[in-house]
Amino acid sequence: MELFSLPSLFLLSTLFVFYIFKFVYKRRNQRNCFMLHYECYKGMDERKLDTETCAKVVQRNKNLGLEEYRFLLRTMASSGIGEETYGPRNVLEGREDSPTLRDAHSEMDEIMFDTLDKLFQKTKGLVSPSDIDILVVNVSLFAPSPSLTSRVINRYKMREDIRSFNLSGLGCSASVISIDIVQRIFETRENAIALVVSTETMGPHWYCGRDRSMMLSNCLFRAGGSSVLLTNAARFKNRALMKLVTVVRAHVGADDEAYSCCIQMEDGDGHPGFLLTKHLKKAAGRALTKNLQVLLPRVLPIKELIRYAIVRAVKRRITRKREPGSSGIGLNLKTGLQHFCIHPGGRAIIEGVGKSLGLTEFDIEPARMALHRFGNTSSGGLWYVLGYMEAKNRLKKGHKILMMSMGAGFESNNCVWEVLKDLGDKNVWEDSVDRYPELSRIPNPFVEKYDWINDDTMSFIRVD
């Protein structure tokens, strides 16, 4: 006696194939992470920190002596930062030594809501605030109660079942960490839409002391931020700008030297600020190396990896010492990557990463220009670099972009995006992209206006 007839077996097998197909399709979509849109903050003209304004801020600090003035002005002159970056309101108003909670909230509201308003306006008809399933906000130095995610939810009247995450203390690489969190949630939730808001609060943490290692943050950091809209819904694929290929995170904070090279603290006189030590470069190199050891095999072709392994083995047999003057990691990154989005943390960081990876001036130009135009905007900085690439019409369908970020901890968090269509939006660079890179080659006005900072007869100490 037959348990199943032929039609029944056919039906069962069809259902089995259907459910297998459905499972595979669902898993594939859950692993997707599409970028629908991104917006960067651009302040008003009255918020610009030009030469005169920066000099006035420096001169207001009564704790500084002649040598400290010279150190700050010379650092500004060689920082690679231009005349059009944006500063926090309380600093521009001369209240940097007495910030209030209202100042911090005002700075965050202006950046977050400006980028979110523009993002929702650009995606009107596609996504609304009530469609958001996941919200991640990262601001390292400001963790109020209620949280900043709650502030965003209240402003846009988002759903009650939204999953929100408020990140603090993660430094300049928090944006990539946020994307990693979203991607992991996407693996367990289909057809979801996520928002990542990345910024930093500068005003309440302006350093008013005289410790040179803590003065550097005032020279480099500027007001800025970004908002990014992500989804794993297949129906949005044709509307998406990019697709996430991979994310890799590396943390070397177990080492005391690396942990303390980039840290928030008070100086000997009780002035709070952010300390950047001489060990920062070493920690950054170590973290980046650990990261790329995992990331590059995922994105470079096997042929290049085999070539590198053979060349390295041969060199090791010939000599155990590195050849004088050699640089770079030995891999040709251009075999699998077309663009390099380096965090615009400072001129030395950009040039150091470029040299270690064997990149050309063309490759590091976006990071250098983002630093010049907007300064170091902490976790939002990567998106200004990406915006420059797009505004210059460099991003073509099929291109892959390596985003490299580093932050306190010490961490290196990187990701790779694949461009899904030719991109050419002028975005936040609309009023300035045509002036770059030429504008960055103009000598810093500090050098001419404050030429006494290089006059060694004014001091017994040479400031390098």
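Trainee: What makes the charged end of Arg155 count as sitting over the ring of Phe113?

Mentor: The charged end of Arg155 is 4.4 Å from the centre of the Phe113 ring. The rule asks for NZ of Lys or CZ of Arg within 6 Å of the ring centre and within 35 degrees of the ring normal. The distance passes, and Arg155 is listed as over the ring. Note that this is a predicted model: local features need pLDDT of at least 70, side-chain atom pairs need 80 or more, and totals for chains, interfaces and linings use all residues. Side-chain values use heavy atoms, without hydrogens and water, and residues are numbered from 1 along each chain as its sequence is written.

Trainee: Which residue lies over the face of Phe362?

Mentor: Arg394 does, at 3.7 Å from the ring centre.

Trainee: Why is the pair of Phe120 and Tyr156 called tilted?

Mentor: Their ring centres are 5.3 Å apart, and their planes meet at 55°. Rings of Phe, Tyr and Trp (its six-membered ring) pair if their centres lie within 6.5 Å; planes under 30 degrees apart are stacked, over 60 edge-to-face, the rest tilted. The angle of 55° is therefore in the tilted range. The structure holds 10 aromatic pairs.

Trainee: What does the pair of Phe120 and Tyr156 tie together?

Mentor: Phe120 is in helix H5 (residues 101–122) and Tyr156 in helix H6 (residues 148–156), so the pair ties together parts 36 residues apart in sequence. Helices here are DSSP runs (H or I, at least four residues), numbered from the N terminus. Both Phe120 and Tyr156 are buried.

Trainee: How do you know that Phe374 is buried?

Mentor: Its relative accessible area is 1%. Buried means under 20%, exposed over 50%, partly exposed in between (1.4 Å probe, protein chains only). So Phe374 is buried. Tyr384 has 1% as well, and is buried. The two form a tilted pair, 4.5 Å centre to centre with 35° between the planes. Ring pairs link both into a cluster that also includes Tyr41 and Trp429.

Trainee: Why does His105 count as buried?

Mentor: Its relative accessibility is 15%, which is under the 20% limit. His105 is found in helix H5.

Trainee: What joins the side chains of His105 and Arg151?

Mentor: A polar contact of 3.4 Å. The limit is 3.5 Å between N or O atoms; within protein, one must be able to donate a hydrogen and the other to accept it, and residues adjacent in sequence count only if both atoms are side-chain atoms. Leaving aside neighbours within four places in sequence, His105 is in contact (heavy atoms within 4.5 Å) with Phe142, Pro144 and Arg151.

Methods:
Helices (H or I, at least four residues) and strands (E, at least two) are DSSP runs, numbered from the N terminus.
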